[in-house]
Amino acid sequence: MFAEENGLHGDPRIKAISDAIRVVPHFPKPGIMFQDITTLLLDQKAFKYTIDIFVDRYRDKKISVVAGVEARGFIFGPPIALAIGAKFVPLRKPKKLPGEVISEAYVLEYGTDCLEMHVGAVQPGESVLIVDDLVATGGTLSAAIRLLERVGAEVVECACVIGLPQVKGNWRLNGVPMYVLVEPRLTDLECSL
């Protein structure tokens, strides 16, 4: 669900977060309106709001692991983990982790990819929050859920800063709830509206 549908409607922090995300037209290819979170990271107040909203939501949910999806999940996941007293586990692309790994392949619209994590990083029965910057089709998050469930973890929720319109109304991936802060803007002009 979008944060505005869950008690944050009209919250000025949501607008500040949305306004801080730069829209880059036709990147990385024509027709894509790239949602650039680097400008959110430059805005200390909006970045803090982002982390604070997630921390407020997950503080009392007894989450023991925050799993961040490479690469932008590594930006938002660690501060959330620290604030709620959980460990952080990176979910990496292939051949990036030095130890023994467990892998989960998934299909993209243009091919396949894979997520990996260290064997033993997550124990059976641990409660996990998965964090990423953006959810488009849900394919990567679904692979992350499958990977964590294979080791016996309970995935509590998936949290993303941005959710594309096609996920609206589909707030579960593999039966796991999804929480999204903002919808993407189409242009930077929408900030001033």
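In which loop does histidine 26 lie?

Reply: Two notes on the numbers come before the tour. This is a predicted model, in which local features need pLDDT of at least 70, side-chain atom pairs count only at pLDDT 80 or more, and totals for chains, interfaces and linings use all residues. Residues are numbered from 1 along each chain as its sequence is written, and side-chain values use heavy atoms, with hydrogens and water left out.

Histidine 26 lies in the loop between β1 and β2. Strand β1 covers 22–25 and β2 covers 33–36. These labels come from DSSP runs numbered from the N terminus, where helices are H or I with at least four residues and strands are E with at least two. Although histidine 26 is not a glycine, its phi is positive, at about 60°. At 51% relative accessibility, this histidine counts as exposed; the cut-offs, from a 1.4 Å probe on protein chains only, are under 20% relative accessible area for buried, over 50% for exposed, and partly exposed in between.

The loop has another feature of interest. The peptide bond from phenylalanine 27 to proline 28 is cis, with omega near 0°, and proline 28 is found in this loop between β1 and β2. For background, most residues other than glycine have a negative phi, and most peptide bonds are trans.

Lysine 62, not a glycine either, has a positive phi of about 55°. Lysine 62 sits in the loop between α3 and β3 and is exposed, with a relative accessible area of 74%. A cis peptide bond, with omega near 0°, also joins glutamate 70 to alanine 71; alanine 71 belongs to the loop between β3 (65–69) and α4 (73–84).

Now to the helices. Helix α1 (residues 12–20) and helix α3 (residues 44–58) have axes that come within 9 Å and cross at roughly 130°. That angle makes α1 oblique to α3. The axes are lines fitted to C-alpha atoms, for helices over the stretch in contact, with angles from 0 to 180 degrees between N-to-C directions; angles under 35 degrees count as roughly parallel, over 145 as roughly antiparallel, 65 to 115 as roughly perpendicular, and the rest as oblique. The α1 and α3 crossing is left-handed, a term for a near helix turned anticlockwise from the far one by less than a right angle, with clockwise giving right-handed. On the α1 side, the contact (heavy atoms within 4.5 Å) uses Arg13, Ile14, Ala16, Ile17 and Ala20, and on the α3 side it uses Ala46, Tyr49, Thr50, Asp52, Ile53 and Asp56. By class, this contact has seven nonpolar, one polar and three charged residues; Ala, Val, Leu, Ile, Met, Phe, Trp, Tyr, Cys and Pro count as nonpolar, Asp, Glu, Lys and Arg as charged, and the others, Gly among them, as polar.

Helix α1 also holds serine 18, which is buried at a relative accessible area of 15%. Leaving out residues up to four places away in sequence, serine 18 touches Val182, Glu183 and Arg185. In the segment before α1 you will find aspartate 11, which counts as buried at 15% relative accessibility.

Last, the cysteines. The structure holds zero disulfides, a disulfide being a pair of cysteine sulfur atoms within 2.5 Å. The sulfur of cysteine 114 is 17 Å from the closest cysteine sulfur, in cysteine 158, which is too far for a bond. Cysteine 160 is in no disulfide either, as the nearest cysteine sulfur, that of cysteine 158, is 6.7 Å away. Cysteine 114 is buried, with a relative accessible area of 14%, and cysteine 160 is buried at 0%.
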